[in-house]
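Subject: Structure for you to look at

Hello,

Here is the structure you asked for. Please open it first, then read the notes below it.

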Amino acid sequence: MSLISKPTSKVSTFTFILLLLLSFVIIVAYSSPDSNVEANEPGSGSGSDDDLEQLLAVDEQLQEDHRPEQQSEAKTVSKAQRIVLELNGDNAKRLIDGNEFVMVLGYAPWCARSAELMPRFAEAATALKEIGSSILMAKIDGDRYSKIASEFEIRGFPTLLLFVNGTSQTYNGGSSAEDIVIWVQKKTGAPIITVNTVDEAQSFLKKYHTFVLGLFEKLEGSEHNEFVKAAKSDDEIQFVETSNSDAAKLLFPDLKTKNGFIGMVKTEAERYTVYDGSYKMEKILEFLGSNKFPLITKLTDTNTVWVYSSPVKLQVMLFSKADDFQKLAQPLEDIARKFKSKLMFIYVDITNENLAMPFLTLFGIEDANKTVVAAFDNNLNSKYLLESDPTPNNIEEFCSGLAHGTVSRYYRSEPLPDNENASIVTVVGKAFDELVLNSHENVLLEVHTPWCVKCEALSKQVEKLAKHFKGFENLVFARIDASANEHTKLQVDDEYPMILLYKSGEKEKPLKLSTKLSAKDMAVFINEELKPKDGSAAKDEL
């Protein structure tokens, strides 16, 4: 027994001593200045900042996974809180009124677009903190705190607002983190980033992908002032300035001069664009407006406002499936380059009904499932359609016609109907000239739409009139569905139903009948207007 007990005693003693040593090491480690939270003071170990950053990261992850129902104000303003503060009914007004700049994201937990924007907003908040911005980035559950959201004029989700000394303005920039950072910088007094060295230029390139570069011998003078004014007037693009030609060369490799220079850099096919205009704010902004978009812009749910803000109002839209678009992408870029500043090219995924359908409906081709090339002139409120096969040659010819104003406007039309033996002729867009304007007969035209609640009753009155005037010389009764047919001479201003009398020889000035008239009163009106010159009797009784 003793032979066995002694070794056991030695092992137990060794194990006990080892445990004591381990415990001592652990206690010392957790007692060291580098690990002690209270040691985050001047003179403490250099590792304290790293530990705090780790605590911040852990804190943020925990809050993402287990957000508490309520947070104390102490936690809300704590440095160990995540960068984007959570506003509530207790702290919202105090924090907004107590800070010069506050960016607020109004969101709802059930809103998919809010969920998409929140990580980009947090990324922007981190970037702004890194560059030393004084702005406070915050968010509020507008569904839960509806009263506060209403006071902030948050009426939809997501909503971004910038408060400057308590007064709000609506965010109107892009949806990426970079877009948010640039917009905030512009609105909070830092419209231009100054780069002094090559190392600073390298750091800048890691953060910004689209920007305007200004190279000046000195960051002063009239030309530089115009550059600064342009930077302050634009809310979308980051401006960067330098007097270091090597730094400028890194930012703009195509740089050919060491003197004054302005150029634009993008991530798209046309990466470097040189500005060759005068150093005037207005001209610089015109340059940005014509060059800030890619050669082909893909329309998304989040960039529609940005796209429609383009100064290029004649816009070519290609509706296509992704695979089909890839086959056309390269030749389309070549075409876009030829008509740059005259035409804007936009790609829309035809399978995305929310984006494509509103446009295709305007052309009456809602069921299109193959590539469609169309165009809109937002200045003239007109539209155009490539009706031949969308080959690169046909697309280029179409674009050339648009640029030179030789393409005919497109008017929606149903197929030509069979009007044989019809008491009321059906008119479609493509037959409007033949059946109405160029007809030698008088035409009474009923303009209606399927969704018009008053149209059905009026149609019955027109049918009575058509029957009453059957055989009446030189009078044709007709109707057109204005929701599916258009014509440049048919101006209805969304007023339905409508009755128009096109008198022979006076087709340019149709007479408009009141739709409140009874069938009998309409008959009297028609008789008066079409009364034969010889004074013979007309049919005025129904």
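Predicted model: local features only at pLDDT ≥ 70, side-chain atom pairs only at ≥ 80, totals over all residues.

A residue counts as buried when its relative accessible area is under 20%, and as exposed when that area is over 50%.

Disulfide

The structure holds one disulfide. It joins C452 to C455, with 2.4 Å from S to S. The link of C452 and C455 is right-handed, with 95° about the S-S bond. Are these two cysteines buried or exposed? C452 has a relative accessible area of 12%, so it is buried. C455 is at 3% relative accessibility and therefore counts as buried. Two further cysteines can be judged by that cut-off: C111, at 8%, is buried, and C399, at 0%, is buried.

Aromatic rings

How many aromatic pairs does the structure hold? There are 21 aromatic pairs. One of them is formed by F227 and F239, whose centres are 5.2 Å apart with 55° between the planes, a tilted arrangement. This pair links distant parts of the chain: F227 belongs to helix α9 (residues 222–233) and F239 to strand β8 (residues 238–242), twelve residues apart. F227 and F239 are both buried. They also belong to a cluster linked by ring pairs, whose members are F216, F227, F239, Y275, Y279 and F287.

A charge over a ring

Which residue lies over the face of Y107? It is K139, at 5.7 Å from the ring centre.

Regards

Note on methods: Residues numbered from 1 in each chain as written. Heavy atoms only, no water. Disulfide = S-S within 2.5 Å. Buried < 20%, exposed > 50% of the residue type's maximum accessible area, 1.4 Å probe, protein only. Phe/Tyr/Trp six-rings, centres within 6.5 Å; stacked < 30°, edge-to-face > 60°. Helix = DSSP H or I, 4+ residues; strand = E, 2+ residues; numbered from the N terminus. Lys NZ or Arg CZ within 6 Å of the ring centre and 35° of its normal.
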